[in-house]
Each structure stands twice: as structure tokens, then as C-alpha cells.
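Me: I would like to learn how to read a fold and a helix packing from a structure. Please take one feature at a time.

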Amino acid sequence: MNKNPFGDVTERLDKDRYETDIEESHIKVNQEAAAKSNAVDLLIRICPAHVYSKQPDGSINVMYAACLECGTCLAAAPVGVLSWQYPRSGMGIIFRES
Amino acid sequence: MENNVNNEVDFEVIIVGAGIAGCVAALKLADKGYSVLLAERGQSAGSKNLSGGVFYCRVMEDVIPDFVKKAPIERYITRNCISFLNESSFVNINYGDARLENSVTAVSVKRAKLDEWLAQQCEDAGVTFMPGIRVDELLMDGDKVVGIQAGDDKLYSHVVIAADGVNSMLCRNAGIRTRELLENLAVGIKSVIGLPKDTIEERFHLKENEGAAYAVVGDCTNGLNGGGFIYTNSDSISIGVVVKIDALAESSESASDLHDRFLSHPAIEPLLRGGELLEYGCHMVPEGGQAMLHDLTRAGLIVIGDAAGLALNTGSTVRGMDLAAGSGIAAAKVVDEVLSKKDFSQAAMDAYYTELNNIVVGKDMKTYAKMPVFLENPRMYKNYGPLLGDIMYNIYNLDTTPRQHMMSEGLKIIKKNQLSAFQLIKDMYTGVRAL
């Protein structure tokens, strides 16, 4: 892969502003369904914000605070793997420059 | 009916989502004197939104006269570039025209600024604007939509307008619009790169306040169905890729890698050099065209904007914001009629389809109905860029070998790119038919 002159995804997300909901994740994973359909690699690949990662035991870790709320994961994940709603009122990404 | 036996309403109309579609509908209805609630899940209007590129804003003259003079726009788009990008070459069609300078039909915008301003216009017109409210569900009385629920709060209205964006959780949670087919969706991944005004004007050959928009195809998505975009704001450049989600899911590519591949391409990187990343974002794009225009009404409900799947990718222009505004106008007209007749039945709401079909929104969606299928053709992303590159190379690489006639050279190049003249003619014919 070519190196982006503006940093990797983590560095880029550092420039974004969020109001993080510290009490509740808006993304929930059904780990059993995810394991059965091998959804983890797909989710890691398609999420532009790298919200999803693989735990040593193969289960999915969700860094929901980084979510840019596009809904790509919800659209592409096999049925039953994700329960996804927008973050609660006023929470989540706050775009200013887009 | 839930707690609402007297048929009393809190507002005559409730609009969910303060994007362009929602704000336009709210403004039009407030102008008619109706009580309107505009609910927005972001802390401010526009804070959840990303501009997909150019706002073909002529339609706004019907909503706010002198829109381009009053609204917070970035630049007037007077230069359009179609770019075939290959691994080590590019072929651009760069179009500038004094006529475009004189007729302002296209502008670049930042949605955080534009939507906030539109919401302010709504408030000034008497709309009750409530930001920071995530609407969870539609309230139903039998088959009729009678209001909304946000947390424990219930609000009742005669009509609800769903303008809650491409993922429309409202319609989805109510089972009105079910899970969208992957083939109808794309994801846009974008960086906003800050650069001084004059640097932008020098690099893109622009006069003050004028802007450029690029539609790029080929290497930016590594051959996947999709494309790259670049457009200039006042003192930043918005750049990124849009890729079909079905193509992305079936490939082995990572979404962020495709974005990075484009920004670091040797033909692109010099445009951004020395800039500073201001924001990184992504957003879903409805790309199914007319196939997505279904289930846009229920008794007491109208769906508009991205939530209705209203976007058009014609290969050269990518439109969404103008269609959102058009659908907002159409919805407001129908809601005015149903409110004055007090008939909120499915049949009454269905006048929205007729209204859409009578205006440019429905007409253009119909005209380009064949486009999504044409754009499925993998040769568009894999073969035609390199073919053009090879033809140009053949023209300009005078390597002391005697020149051959274009016709015979052309056929050789077509063959080398694993194409046939027949395929070429067929694709051109299909393309022209889809346009």
C-alpha cells in the first residue's frame, strides 16, 4: 500500500471531533453469529474508520468511539451479526469541514 | 390511538433530519404558515453530513431567491475535469467555459456551514428547530403515521417527513424501507486538506472564488466499481473515493487503503502537497438510481432526499443535494394539499410520486435509469483508462520508429488491452443509450 502523506487512519481520526457516549455503544456484535459467518475480516476491511479489530481469541473488538456513522458495516455484515443504531442524541462524530 | 384520542397534534408537520431536503421542506411549509418541527440528531445541523461534491444549486432559487449570494458557499464551480487515472499515466478532459462563469449553477459547499445556515433560515421563518434529538421511531395508529418518538418523548403531527439520510433508520425500524440491496449502495471516504486560497487557485488554474471539480476513474479504486473525486473549497480541497459496497465486499481491498492509494498517486499528490489534513470522514451514498425509488409514502408519511435514495451518478456529474432540494419542494407541495384537504390517506400521500415525476428530480432519475447497470461494466474501471493511456503514448512517444496509421495502431492497442473493437463499440453504444 502507498503511504498516505496525511498519516494513517488513527492519526487522521485524531483531527476529527467527537462527543463520545461513554455510557453506551451504538454498535453491538453478536459474536456467535460473527464467528459462524467469519464476518470479522470483512468488517476490518470495509470500515473506513477501523472501528473493528480482531481479539487474540478471534472475537471482534468494537472501538465504537471512532465510528464515522456511515453505515457500511451494517449494510455489508451478514444478517444478525450487528445491531447498529446511530449514537444517542447529540453524540458521535461532529463534522465541521466536510 | 396512543394518548392522542382527540386528534390533537403538537405540530402540523414533523420533519426528521435537517439536511438540505429537510430544511427545504421545512422552509416551504413554514412559508405557508404551518407549524413545523424540524428535528436533527446532530448537535447542530450539518454536523453529521458530508458534501459529496458539487451542489447544482439552481433549484434553490425557488426556495431562497439569490441563494448563491446569501448562502455560505465555498466556490463557484467553473472548471470540470474528467480524469482516467492509470498506475503510471493519466488522461484528462479538462473543461473550462466562460459561460459557466456567468451562470452560477454549481457550487462547492461545506455541509456543516450550509446546513447550519439553512436551519437558521428555517428558524427565522418560524420553524421549531430541535438539534441534538435522535428520533427513534415513528408512532403509528394502525397504518397511519401519527408522530415520532425520541427517547421517552412522543410528539404528534398530521404528517411526518422522513429526511433522515441514506440509512433512514426511521423507515428501516418501521419496516417501511427494508435492508437496502448492497448493489445500490456505495461508501464515500474523504479527506479535507487545508491549503491557502492562492495556492489552490494557482494549482487548479482558477480565478478568485472559482472552483474546480474532478471526476476520476480507474486506479483510484484499483479497478473496483467506483471513482475518485476532487473539488476545491475556499481554502481547502475535498478529495476521496466512492466505492460500491458490493464490489468492496467481494474484493480483498481495504476501504481506507483505496482512499490512501488515491491521495498518494503521483498524479494527485502534487495537488495536495504542503497541505494540512483538516478532517477525515465517510458517508454512505445511494447509487441504485431509480431502483431505489420505492416505498416513499405511507398514510401520514413522505420520504425525501437521500432517505428516498435520491442520488444520480452519471459518470461525469454526481448529484444528490439538488435532488434532495427538489424532493423537499415536492413533498412540501403535497403536504400543503393534504393538510388543506385534511386527507392523510395513502392515496392522498401518493400524490408525491406524481409530483416527483413532474419535476426535474423524477425526470432525470428516469432519463438515467439505465446508468447504474452501465456503470457495473468492469471495463469502465479496468480497461478503458489504460487503453486511452496507450493511445496517447503512441501519439506522443516519437521513438524514431516510423509512424503507423492510427487505425492499425489503434486496433493493436485495443487487442493489447484485452479488448475487442466489437466490445468497444458495444460499450459506447450502451453508454450513449444510458446517458
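Me: How many helices and strands are there in chain A?

Reply: This is a predicted model. Chain A has 4 helices and 6 strands. Read from the N terminus, the elements follow the order α-β-β-α-α-β-β-α-β-β.

Me: Which percentage of the residues in chain A is buried?

Reply: Of the 98 residues in chain A, 41% are buried. As for contacts in chain A with a separation of 6 or more, 65% come from residues 24 or more positions apart.

Me: At what angle do helix α1 and helix α4 of chain B pack?

Reply: Angles under 35 degrees count as roughly parallel. Helix α1 (residues 20–31) of chain B packs on helix α4 (residues 111–124) of chain B at about 15 degrees, and their axes are 9 Å apart. α1(B) and α4(B) are therefore roughly parallel. Their crossing is left-handed.

Me: Which residues make the contact?

Reply: α1(B) contributes Ile20(B), Cys23(B), Ala26(B), Leu27(B) and Ala30(B), while α4(B) contributes Asp115(B), Leu118(B), Ala119(B), Gln121(B) and Cys122(B). By class, the contact of α1(B) with α4(B) holds 8 nonpolar residues, 1 polar and 1 charged.

Note on methods. Residues are numbered from 1 along each chain as its sequence is written. Chains are lettered from A and ligands numbered from 1 in the order in which they are written. This is a predicted model: local features need pLDDT of at least 70, side-chain atom pairs count only at pLDDT 80 or more; totals for chains, interfaces and linings use all residues. Axes are lines fitted to C-alpha atoms, for helices over the stretch in contact, and angles run from 0 to 180 degrees between N-to-C directions. Helices (H or I, at least four residues) and strands (E, at least two) are DSSP runs, numbered from the N terminus. Angles under 35 degrees count as roughly parallel, over 145 as roughly antiparallel, 65 to 115 as roughly perpendicular and the rest as oblique. A crossing is left-handed if the near helix is turned anticlockwise from the far one by less than a right angle, and right-handed if clockwise. Two residues are in contact if their C-beta atoms, placed from the backbone, lie within 7 Å. Ala, Val, Leu, Ile, Met, Phe, Trp, Tyr, Cys and Pro count as nonpolar, Asp, Glu, Lys and Arg as charged, and the others, Gly among them, as polar. A residue is buried if 20 or more other C-beta atoms lie within 10 Å of its own, exposed if 12 or fewer, and partly exposed in between; C-beta atoms are placed from the backbone.
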